[in-house]
Amino acid sequence: MTSGKIIHAIFPNVPVVTLTATATKTDINSIRKSLNLRHWLEVIGNPNRPNVHYKKVFCKGEDIDFFEELLQPIKLN
């Protein structure tokens, strides 16, 4: 089971946002499958948004500690 499918199983009604700067159509389809995205909207535009913070996070496997670390900023807000 991919990490995206695990997150979707735990939080089935939480919206998911994926951001990429240079993804090909093949990359986009791979991302959609790995995150288990069924209903999605593709928006192409300038990613420079001063009110949005995002960072690159590398998956360390399917360890629950990874998800706790990833979700920590959400808990603080």
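**Surface and salt bridge**

Modeller: The accessible surface of the chain comes to about 7100 Å², and carbon and sulfur atoms hold 58% of it. Keep in mind that this is a predicted model. The chain has 77 residues, and 9% of them are buried. It has 3 helices and 0 strands. Along the sequence the pattern reads α-α-α.

Now the salt bridge. A search of the whole structure finds 1. Its partners are the side chains of Glu-42 and Lys-25, at 3.5 Å from N to O. Lys-25 sits in helix α2, while Glu-42 lies in the loop between α2 and α3 (64–76), so the pair ties together parts that are 17 residues apart in sequence. How exposed are the two partners? Lys-25 counts as exposed because its relative accessibility is 56%, and the cut-off for exposed is over 50%. Glu-42 has 32%, so it counts as partly exposed.

Next, the nonpolar side of the surface. Ile-10, Phe-11 and Val-14 make a nonpolar patch of about 260 Å². Val-14 lies in the loop between α1 (3–10) and α2 (25–34). Its relative accessibility is 48%, so Val-14 counts as partly exposed.

Last, the contacts. Take those in the chain with a separation of 6 or more: residues 24 or more positions apart account for 58% of them.

How values were computed: Residues numbered from 1 in each chain as written. Predicted model: local features only at pLDDT ≥ 70, side-chain atom pairs only at ≥ 80, totals over all residues. Heavy atoms only, no water. Patch = residues over 30% accessible without salt bridge, like charges linked within 9 Å, V, L, I, M, F, W, Y side chains within 5 Å. Areas by Shrake-Rupley, 256 points an atom, 1.4 Å probe, with all protein chains shown as cover. Salt bridge = Lys/Arg side-chain N within 4 Å of Asp/Glu carboxyl O. Helix = DSSP H or I, 4+ residues; strand = E, 2+ residues; numbered from the N terminus. Buried < 20%, exposed > 50% of the residue type's maximum accessible area, 1.4 Å probe, protein only. Contact = heavy atoms within 4.5 Å.
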